[in-house]
Each structure stands twice: as structure tokens, then as C-alpha cells.
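Work through these exercises with the model open beside you. Try each task before you read its solution.

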Amino acid sequence: MSAVQLKPEPGITVEGDVLAVSPGGQLIWTPTKAQRQAFRDARSARVEVAFNGAPTNPMVWADWGEGFSEISRAALKDGPNGLFAVLPARGRQLQRLRLDPSDTACRLTVTRFEVSVSGALGADPRGAVGPLIDALKPVLGPLREPIAAAYRKVRGLGARPKGPRTPRGGGAWRETYLHANAVARNLRSVHYGAPIADQIRLNEDAPKLVAFYLPQFHPFPENEAWWGKGFTEWTNVSKAQPQFVGHYQPRLPADLGFYDLRHRAPIAQQVELAKRAGISAFCFHYYWFAGKRLMETPIELYLADPTLDLPFCLCWANENWSRRWDGQEQDILIAQQHSPEDDLAVFRDLARHMVDPRYLKIGGKPVLVVYRPELFPEAKATTQRWRALAREMGLGEIHLLCTTAFGFADYESHGFDGIIDFPPHAIDTDEITDKVTPLHPEFTGKVFDFPRVVERKLEQLRDVDAAFVPGVMPGWDNHARKPWSGHAFHDATPPSYLRWLSGALSHAEKRHPPGEAVVFVNAWNEWAEGAYLEPDRWYGHGYLHATRTAMSAYAPKIADDHPLVVEARAGFQKRSDTAVLLHLYYPELTAWFAERLAPLMDQADVLVSVSETWSEADLSALRQAFPQAYVFVAENRGRDIRPFVEALRRARDLGYDVFCKLHSKRSPDQAKGDQWRTRLVDGLAGPEATTAALAAFAADPKLGLLAAADARMRMGDPGVMDNNWPHVERLSAAMGLKPAPETPFAAGSMFWGRVAAFAPLADQADDAIGFEPETGRIDGATAHAIERLTAAIVERAGYRTGFDL
């Protein structure tokens with residue numbers, strides 16, 4: 001069967017015998033009356049297709065009387081005579097077939113399209129309702145099609161997938177295997193965060209966030225002698241296995257890989273990641289044993305390279321090094337030899353770091369942390385020696401801190417200025433070990449409920465004095481070092497860590513003079529203890545985004561009543577019934593958008609929303625680039641979607657009819673994110689596209705949404721709804737929406753629309769919509785749910801959608 005016998009749907013155009021296919025394009029085959037009779041009662045349909053061209057991921061769908069749905073589709077695969085697919089019957093009558101030739105743009109010819117059926121159907125797969133439907137068809141008359149359509153929609157909603165399915169059988173081991181397999185396939189948590197694409201600016205008096213840093217990620221002779229040739233911290237990390245159902249192990253690095261800290265490149269990447277997240281300094285663990293240094297290579301490299309421009313300080317891990325990892329804590333590998341002479345020697349070595357201009361100071365004093373002060377024979381005498389030597393060496397006064405490791409609390413009598421909370425030390429509540437299912441009969445570890453621990457730690461901050469320095473952790477799980485006997489804090493996620501960090505920062509800011517508040521996080525890179533901010537394969541940059549969001553509370557912000565913003569609105573004059581609703585988060589793209597939107601200025605007004613993180617210089621550049629634009633400031637929740645809701649409300653108040661929604665999309669999780677933005681913007685706001693869009697809205701007053709054909713996706717497409725059902729269902733109930741697997745949406749959330757068609761969304765209060773704090777999620781947030789619901793919103797308002805621009 002040739003291509004001309006297949007009806008092209010939007011997304012496919014015919015040029016002679018050649019099909020020009022855009023992503024989402026479809027070909028429909030409808031059997032004749034005689035063919036339908038011959039196909040009746042088939043058990044399955046076999047489709048064979050041959051192409052001239054190079055389509056990608058061709059797919060075929062069958063309509064057995066209830067419309068095209070997820071339960072009756074198949075990917076075409078190689079066969080003896082080309083590509084083929086077999087579709088099991090879902091009804092007694094094959095009504096139509098749909099061919100999706102390619103999910104990328106291409107040109108091709110369908111040289112063969114053949115359909116055959118096999119077997120007698122036997123029992124009606126529609127169940128008991130099947131014969132009733134057949135009996136009613138002759139008497140329904142003109143009501144048959146609308147009733148059938150309603151039935152298909154209801155059935156589709158009932159059959160929609162609720163995310164990835166877990167096959168039955170296998171119990172705990174199978175669940176654990178499925179999660180490990182998901183990680184191996186590069187699937188991601190719903191909390192997975194994209195890379196941070198821009199720098200953060202903080203107020204000069206913002207609290208400082210200091211991350212403990214482990215320098216053990218490189219081989220050195222002592223470790224190789226004690227643990228084997230080539231040993232590094234990655235040796236423990238990579239061999240970890242889950243110990244109970246739902247246990248996230250192994251924890252594997254993403255962007256930075258299994259780095260080697262003998263080299264500058266990974267350290268430079270760490271510095272950049274930390275700065276973008278709002279981290280103020282690294283606190284390197286420093287290892288000194290009576291004049292013998294261990295793991296000093298990364299610190300010495302950092303000290304020698306002033307281009308590594310993140311501040312730093314040191315924490316002396318002043319305990320013996322034993323075989324604690326394999327349970328032999330009494331087997332000392334290298335011991336401390338504390339003495340007055342050693343006190344002076346170690347401080348002289350520490351002091352050469354303190355004179356570096358990057359060294360962290362609080363109140364003008366260099367910060368020195370000691371891990372376990374109770375191990376000193378006379379701690380107060382040691383600190384007094386250090387203070388005297390610091391003054392003698394010209395360092396002045398120093399700020400001495402210790403930690404709560406192993407339950408230590410008496411910092412003052414030991415001569416310290418304050419004490420850093422060092423979780424998970426001293427946490428012995430909210431244990432849930434009896435509620436998990438172990439995967440090994442020898443499991444003797446402990447499991448704690450991380451969200452409950454967070455609430456407990458925040459409550460404890462109410463009763464501490466100003467010398468108590470809050471400490472937080474993104475999680476903790478040391479089973480990589482102690483298989484079957486470690487401690488794990490279960491259900492640690494970026495949002496729960498964000499809550500803890502935000503509370504700690506707020507507490508510190510209230511208790512200290514401006515610029516002297518500090519919070520420590522354990523840790524930047526304790527991979528074998530499951531306490532790290534660096535991106536991993538499951539959460540991506542989620543913890544870095546959460547860190548940035550907490551620190552953003554202390555960033556300079558512009559308000560909607562800023563003089564330049566007020567001036568822009570005061571001088572604004574409405575010249576058209578069409579508006580471009582542009583959200584500019586990245587100020588560096590202002591000129592880029594001004595150039596591309598220049599041809600539209602005679603046809604549409606521009607309403608620009610900007611982030612509250614913009615500077616006054618950014619606003620001035622915007623006013624020069626868009627002198628006639630309406631400008632307002634929008635909180636950056638929900639990326640471009642929260643500003644879009646506010647823009648809709650303002651566009652309605654200003655009397656606009658049609659709009660073009662654009663935003664400064666970067667998609668840092670994709671290698672070609674900027675190219676995607678260019679394609680979307682040019683395909684919507686280019687001169688030809690603009691003319692076509694305005695003509696379409698003028699010709700059809702019920703057109704509510706218009707997008708490019710290659711942006712069209714459906715809610716039923718694979719993976720689209722895996723993480724999005726909870727918010728989709730919540731918002732659908734609030735707005736009275738009826739989404740289905742066939743409901744389309746514009747990937748990238750750029751499209752043309754009619755203001756009135758989006759009233760169900762614009763009428764919702766922000767609290768009801770429920771935008772979450774930003775953690776960089778690439779899926780599963782409220783904004784993603786709204787993107788997928790745009791067509792359902794438009795339908796709810798009585799309008800239609802089109803994807804043929």
C-alpha cells in the first residue's frame with residue numbers, strides 16, 4: 001500500500017511522493033467496509049511497513065473501537081521483509097491504524113504498508129460491556145459518535161498508567177533489583193536537578209555556608225599499604241550494595257566522575273559548582289600525625305593555585321587512624337602523639353595556610369576547627385599556646401571552633417570560641433530499623449527517618465546559645481564502609497535538606513552580627529558516608545539547587561516597585577490586541593530576544609517579566625533593548641510558569657486577546673538546550689510564523705492554543721507522566737480538567753494562545769496552584785504538570801488547540 005493511501009495528519013506534508021515529517025506527525029489508515037468485515041473477530045493485527053528514508057523510532061497504533069490508546073501500540077521492529085509490528089486485539093473490530101513514522105524531522109516515502117490479521121478472537125476483550133455496545137450501535141443513530149468519544153475518554157482516563165509498574169513476584173529482592181536496574185539505565189529520581197546555569201549574587205552580610213571537604217580521593221602510599229594497591233575512597237563507594245528494601249546504594253558520581261584529586265581540573269570544577277550553589281568556603285579535613293601529613297596533596301595544590309578562588313579553612317582530624325572501616329577500631333594504623341612541642345609544630349604548619357588571602361575569617365579572625373578536642377591531654381593549654389603563637393606570628397586573634405563529634409559538648413572549658421553541630425553524631429532518635437525489610441540475614445545496621453530527624457534538629461536550635469554553630473547534612477549512609485552494619489538516614493531528599501538548611505541559616509543570622517553568621521554542612525564530598533552535595537546519578541544537581549535556594553534568601557533582590565520598573569510601566573502604551581509574554585530569567589539573553597522580536601514590534605506589544613535576582617544594570621539594559629515594553633518582577637518559582645500565570649492576569653487586565661508565550665530557556669541538562677530555545681522561538685515568533693498564527697486566531701475565534709508541529713507531545717507518550725500524575729490530578733481537580741492519554745501539549749512550554757482560553761489557570765490563586773521552592777527539578781514539579789495540562793485548560797474554557805504552525 002503506497003503513501004497516498006495513508007491520510008497525512010498535522011505534522012506531515014506531502015510533496016509529490018515524498019513525506020516531510022515533523023516530530024509528532026501521523027499517518028492514518030482506515031480500512032474499507034469490505035476490509036473491516038474481513039478483519040472482524042481477529043485475534044491480532046500485523047502491520048508491515050517499508051520506507052525509503054531514515055525515520056527514527058517508528059510506531060504504530062491501533063483503534064479497536066475505543067480510540068488510539070497506550071494499551072494498543074507497538075514499536076516497529078526489523079523483520080524478514082522490512083519493519084513489522086503485531087498488535088493484540090482490544091475489541092472485535094479494527095477501526096483504524098495510525099503510523100507515527102519518526103520522532104525526528106525527516107523526509108521519506110512509504111513504499112509498502114500492509115495489514116493482515118490472525119486467528120479468531122474468541123472472548124470479547126472488551127468484557128461484558130462489548131456485546132452491549134454492539135447491540136446499542138444500530139439504535140444510537142447520530143448520537144453514536146459523541147457517546148463513543150465520551151466513552152473512550154472515560155476509559156482512557158481509567159486505563160492511564162500511574163507511573164512505572166513494579167512486576168509482581170520476587171518480593172524485596174526484586175524491588176531492590178528494579179531500582180538498581182533503573183539507576184543502571186540512567187533513570188532518575190523525581191528530585192533530579194539540572195546543572196545550575198548562572199552565578200549567584202549574595203549580600204555582603206549574608207550568612208556563610210561552609211562545606212567540610214574530604215581530600216582522600218587519590219592514591220597515596222600509606223593507604224595502598226593498609227588497604228591495597230590503588231585504593232582510594234572510590235574503592236569503598238563503588239562496591240556498596242543495598243542492605244534493605246528502598247536503600248539507595250550504590251551512590252555513584254555524575255558530572256565529576258571518579259575524580260583524582262592529584263589533578264587541578266576536578267578541583268576547579270568543584271569550586272565552580274560550589275560558587276554557583278552559594279557555598280562560601282570549603283573546610284578541608286587536615287591530617288597531621290606528629291609531623292607526618294597524610295592526604296595533603298589536594299590541599300597543597302589548592303594553596304599553590306590562587307585561581308581556585310573559593311575561600312577555605314582547615315579542620316584538624318586529630319584522632320588516631322585505625323581500621324575502623326573493617327571493624328578493627330583497636331588496630332591503630334598511625335597514631336597521634338599530642339604534646340606541647342607537637343602543638344607548636346602543627347600550628348606553624350596550619351599558619352602558613354592562614355596567611356593566604358583566601359583563608360576564611362569570621363569577624364576578621366582566621367577560622368580553625370578541631371574535630372575532637374577531648375583527645376588533647378590538656379586542651380585548654382593547647383588552645384592557649386595556639387593563640388599566643390598566632391599573635392607572635394602576626395596573625396592576630398584566631399577563631400577556634402570544635403565539633404560535637406562523638407557527643408562532645410564542653411567547648412568552653414577546653415578553650416574554644418564555639419562548637420559546630422556535626423551530624424549525624426549525637427543523633428539517636430527516630431530510628432526505624434524495625435520498619436525496613438533487610439536484604440541480608442546478617443544485617444545489624446541502623447536506619448533513621450531523615451525528615452523526622454530534620455524536624456527534631458530544627459526544634460533543638462531554639463534552645464542553644466550563640467556559640468553553637470548549626471550544622472546540617474544532605475544525608476548519611478556509611479554502608480559503603482561498613483556493609484551490613486552501617487547507619488543510614490532513609491528518605492533524605494533535596495527538599496528535606498532544604499528545609500533543614502533554611503532553618504539553620506535563619507537561626508544563625510538572628511544570633512550573630514551581620515556578616516558573622518556561619519553554618520557548616522557535612523559534607524561536600526563524603527561519598528562513602530552518603531553525605532555529599534556533588535551531583536550523583538540519581539539526584540543530579542538537586543542538592544546543589546536546594547543549597548542555592550536556601551542561600552538565595554540572602555541575595556540582593558529587586559522589587560516590582562523598583563523605580564526603573566515603575567518607569568517602564570508608567571510609559572507603557574497599549575498599541576495592539578496581541579502581546580508577547582516574555583519571561584527573561586537570564587539577563588544575558590536580553591539582546592538576543594530584542595533582536596529576534598524586533599520584526600514583531602509593529603504587530604504586538606511586549607510584556608516582560610524578570611527575575612527578582614536581576615541587578616539595576618540588568619534593568620537598565622532591558623529598558624534600552626525594549627523601550628516600549630511593559631515590565632514587571634516575578635518570583636522565580638516554577639521557572640517560567642509562575643511568571644506566565646502572572647503575565648496572563650496582567651494581559652487580561654490590559655485587554656489583550658492573543659498572546660505568544662516565550663521564555664529564556666537554557667535547559668542546562670541538555671547538550672543543545674540553547675539550540676532548542678532558538679528553534680522554538682524562531683518557529684513561533686519569526687515573521688512567517690507570526691503572520692500565520694495571527695491569521696489562524698483571526699479566522700477561528702475558538703482557537704485557544706497554537707504551537708509548532710514539532711513541539712507536539714501527548715500525555716500518553718512514554719515517560720511523559722511517570723513523575724507528574726500527583727500534581728496533574730491535584731490541579732485537574734482544582735480546575736475541573738479532564739486530561740487523557742491523547743491530550744497534547746507543547747514541549748518547551750512556548751506557544752501562541754488566547755488570553756480567555758487560559759482563564760481556568762489565571763483564576764487560580766497562587767496558594768492553590770502550589771509552586772514549590774526551586775530545587776532544579778527537570779520533571780515532576782507543579783510547573784511540569786501545568787505544561788502538560790495546557791490543552792486540557794484550553795478545552796475546559798471551551799476552546800480548541802492546534803499544532804500545525
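A residue is called buried under 20% relative accessible area, exposed over 50%, and partly exposed in between. Keep in mind that this is a predicted model.

**Exercise 1. Two sides of a helix**

Task: Find which residues of helix α16 are buried, and which exposed residues sit on the face turned away from them.

Solution. 
- Step 1. Locate α16 at residues 616-625. Its buried residues are Leu 619, Leu 622 and Arg 623.
- Step 2. Look around the axis. These residues cover an arc of only 100°, so they lie on the same side of α16.
- Step 3. Turn to the face away from the buried side. Ala 617 and Gln 624 are the exposed residues there.
- Step 4. Ask what the buried residues pack against. The partners are the helices α14 (563-570) and α15 (590-597), together with the strands β29 (578-584), β30 (605-611) and β31 (630-634).

**Exercise 2. Aromatic pairs**

Task: Classify the ring pair Phe 212 and Phe 520, then the pair Phe 282 and Trp 524, as stacked, tilted or edge-to-face.

Solution. 
- Step 1. Recall the description. A pair of aromatic rings is described by the distance of the centres and the angle of the planes.
- Step 2. Centres must lie within 6.5 Å; planes under 30 degrees apart are stacked, over 60 edge-to-face, and the rest tilted. By this rule there are 44 aromatic pairs.
- Step 3. Take Phe 212 and Phe 520. The centres are 5.2 Å apart and the planes stand at 35°, so this pair is tilted.
- Step 4. Phe 212 is in strand β12 (residues 208-213) and Phe 520 in strand β26 (residues 518-521). The pair links distant parts of the chain, 308 residues apart. Both Phe 212 and Phe 520 are buried.
- Step 5. Take Phe 282 and Trp 524. Here the centres are 5.2 Å apart with 55° between the planes, and the pair is tilted.
- Step 6. Phe 282 belongs to strand β13 (residues 281-289), and Trp 524 to the loop between β26 and β27 (525-526), so the pair ties together parts 242 residues apart in sequence.
- Step 7. Check burial. Phe 282 has 0% relative accessibility, so Phe 282 is buried. Trp 524 also has 0%, so Trp 524 is buried.
- Step 8. Widen the view. Phe 282 and Trp 524 belong to one aromatic cluster with Tyr 213, Phe 284, Tyr 302, Phe 312 and Tyr 359.

**Exercise 3. Arginine over a ring**

Task: Find which ring Arg 98 lies over, and which ring Arg 372 lies over.

Solution. 
- Step 1. Arg 98 lies over the face of Trp 61, at 4.4 Å from the ring centre.
- Step 2. Arg 372 lies over the face of Phe 406, at 4.0 Å from the ring centre.

**Exercise 4. Two helices cross**

Task: Describe how helix α20 meets helix α23.

Solution. 
- Step 1. Two packed helices are described by the angle between their axes and the distance between the axes.
- Step 2. Apply them. The axes of α20 (residues 725-735) and α23 (residues 782-796) come within 9 Å and cross at roughly 35°.
- Step 3. The crossing of α20 and α23 is right-handed.
- Step 4. List the contacts. From α20 come His 727, Val 728, Arg 730, Leu 731, Ser 732 and Met 735. From α23 come Thr 782, Ala 785, Ile 786, Leu 789, Ile 793 and Arg 796.

**Exercise 5. Backbone details**

Task: Locate the cis peptide bonds at Pro 424 and Ala 523, then decide whether Trp 484 is buried, partly exposed or exposed.

Solution. 
- Step 1. Pro 423 and Pro 424 are joined by a cis peptide bond, with omega about 15°. Pro 424 is in the loop between β21 (418-420) and β22 (446-449).
- Step 2. From Asn 522 to Ala 523 the peptide bond is also cis, with omega near 20°. Ala 523 is in the loop between β26 and β27.
- Step 3. Trp 484 has phi near 75°, a positive value in a residue other than glycine. The loop between β24 (471-472) and β25 (487-490) holds Trp 484.
- Step 4. The relative accessibility of Trp 484 is 34%, so Trp 484 is partly exposed.

Note on methods: Residues are numbered from 1 along each chain as its sequence is written. This is a predicted model: local features need pLDDT of at least 70, side-chain atom pairs count only at pLDDT 80 or more; totals for chains, interfaces and linings use all residues. Side-chain values use heavy atoms; hydrogens and water are left out. Rings of Phe, Tyr and Trp (its six-membered ring) pair if their centres lie within 6.5 Å; planes under 30 degrees apart count as stacked, over 60 as edge-to-face and the rest as tilted. Helices (H or I, at least four residues) and strands (E, at least two) are DSSP runs, numbered from the N terminus. Buried means under 20% relative accessible area, exposed over 50%, partly exposed in between (1.4 Å probe, protein chains only). A charge sits over a ring if NZ of Lys or CZ of Arg is within 6 Å of the ring centre and within 35 degrees of the ring normal. The arc is that of the directions from the helix axis to the C-beta atoms. Contact means heavy atoms within 4.5 Å. Axes are lines fitted to C-alpha atoms, for helices over the stretch in contact, and angles run from 0 to 180 degrees between N-to-C directions. A crossing is left-handed if the near helix is turned anticlockwise from the far one by less than a right angle, and right-handed if clockwise.
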